[in-house]
Amino acid sequence: MTKPVVTNSPDAATGEPADGSPDFITTLIHHPYRAPEGFDAVMPAVHKASTVFFPNVQALRTRDWRHKEGYTYGLHGTPTTFVLEERIAHLEGARHCVLAPSGLAALALVNMALLQPGDEVLLPDNVYGPSKELARSLLAQWGIGHRIYDPLNPGSAADLIGSATKLMWIEPPGSVTMEFPDVRALVRLARSRGIQTALDNTWGAGLAFKPFDLGGEPDEHLAVDVCMHALTKYPSGGGDVLMGSVTTVDRALHEKLLMAHMRLGLGVGGNDAEGILRALPSITLRYEAQDRSARNLAQWLSTQPAVARVLHPALPGSPGHEHWASLCTGAAGIFSILLHPSFEQVHVDQFVDALRVFRIGYSWGGPVSLAVPYGLDSMRKDRSHLVGHLVRLCIGLEHVEDLKADLSQALRVLPAPVRTPV
Ligand SMILES: Cc1ncc(COP(=O)(O)O)c(C=O)c1O
């Protein structure tokens, strides 16, 4: 059985692995998995099973799936899912990984494994919407409270911490309004108050920064406790697979997650795991290409009269840009624009409907560019910095000039924005 490999921390100045060993993308592709003897190929085999045979009763009683030393039942892992778990742990610089059937299932798993009735969880105001919904509905029903902090003000989180607070979620950046929090300050705060941290790493994808190696002061090893990743986005890259992962460095924490995973039956299918294994070797190329196109379009959009504000953490002036700049070496290909507040919603809908290369649809990280208008009133407690009509754009792999031409022709359906005199 292959063992998880821990990513080398890159040198801050050069981005090269500090000890001269191969970059993680090389070892991601040249992984240690070995196929059964006599068959050596680029991709690992796809194993599918509910039932797994045991040679005898002794094996049935003693085989332990928790340490990946054997197989007991499809839900608890197959060679294919064990390989993918190892690859995702490697991508994120973790030691352990558990897979779930979607990003949302992975997120729910973290809450269910780490929280009990009477506990409270802290969520940033810009958190992935269904995470707030889960807290308001099922977590509340089970006697687990939640509090909403301002992602741009760690002090607001500090004020909300009480004796019941057990977990803080961090989402850099919120995937609709794109504010980038001070991840290091939040992790320091949680540590100092004895609270576990869970980071939604879907945007960073294990590439923009390393959640288990956040840098910080000399002699300070800053890391989150748990990383959740919607593999549906960049690891899949195709817009055709749903999956999530939860990675950790700490073995005891991993065991807690594993036991909750087993009790909930959150197994994933071999074909879906294969879909992600096939896409993983190209993840850095796709991420970098989508980042490049997104920044190009975000900059161009910021010069368009109909656009009141561009929300892209790599753009100076975007909320939390300085935190992005101090932590990240790249950015995902997703950003939002605020169309001028003088427009009516119907104009915004006409703009989105006029797009031809961009398609209307949820999600991101796939080959096709997507646009979605969002109503902010129900999404955010504090939206004073978000004046205008928000449209989120997820950049795919099309030629950037075709995307620009598409946006340009769609912007022409809008009336001239009405400027109010200052
Ligand atoms: C930031 C973030 N986290 C989690 C998820 C959930 O992923 P999934 O769609 O696989 O359930 C999403 C999906 O859009 C997301 O954007």
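The model is predicted, so local features need pLDDT of at least 70, side-chain atom pairs count only at pLDDT 80 or more, and totals for chains, interfaces and linings use all residues. Residues are numbered from 1 along each chain as its sequence is written, and side-chain values use heavy atoms, with hydrogens and water left out.

Helix α8 covers residues 251–264 and has 14 residues. Helices (H or I, at least four residues) and strands (E, at least two) are DSSP runs, numbered from the N terminus. From first C-alpha to last, α8 reaches 20 Å. This is close to the 20 Å expected at 1.5 Å a residue, where the expected span is 1.5 Å times one less than the number of residues. At the start of α8, a side-chain oxygen of Asp250 comes to within 3.3 Å of the backbone nitrogen of Ala252. A polar contact is a pair of N or O atoms within 3.5 Å; within protein, one must be able to donate a hydrogen and the other to accept it, and residues adjacent in sequence count only if both atoms are side-chain atoms. Just after α8, Gly265 takes a positive phi of about 65°.

The buried residues of α8 are Leu253, His254, Glu255, Leu257, Leu258, Ala260 and His261. Buried means under 20% relative accessible area, exposed over 50%, and partly exposed in between (1.4 Å probe, protein chains only). Their cover includes the strands β1, β5, β6 and β7, and also helix α4.

The axes of α4 and α8 come within 9 Å and cross at roughly 110°. Axes are lines fitted to C-alpha atoms, for helices over the stretch in contact, and angles run from 0 to 180 degrees between N-to-C directions. Leu109, Val110, Met112, Ala113 and Leu114 in α4 meet Leu253, Lys256, Leu257, Ala260, His261 and Leu264 in α8. Contact means heavy atoms within 4.5 Å.

The loop between β4 and α7 holds Pro173 and Met178. The peptide bond from Pro172 to Pro173 is cis, with omega near -15°. Met178 is not a glycine, yet its phi is positive, near 65°. Met178 counts as buried, at 0% relative accessibility. Asp219 lies in the loop between β5 and β6. Asp219 also has a positive phi, of about 70°, without being a glycine. Asp219 is exposed, with a relative accessible area of 86%.
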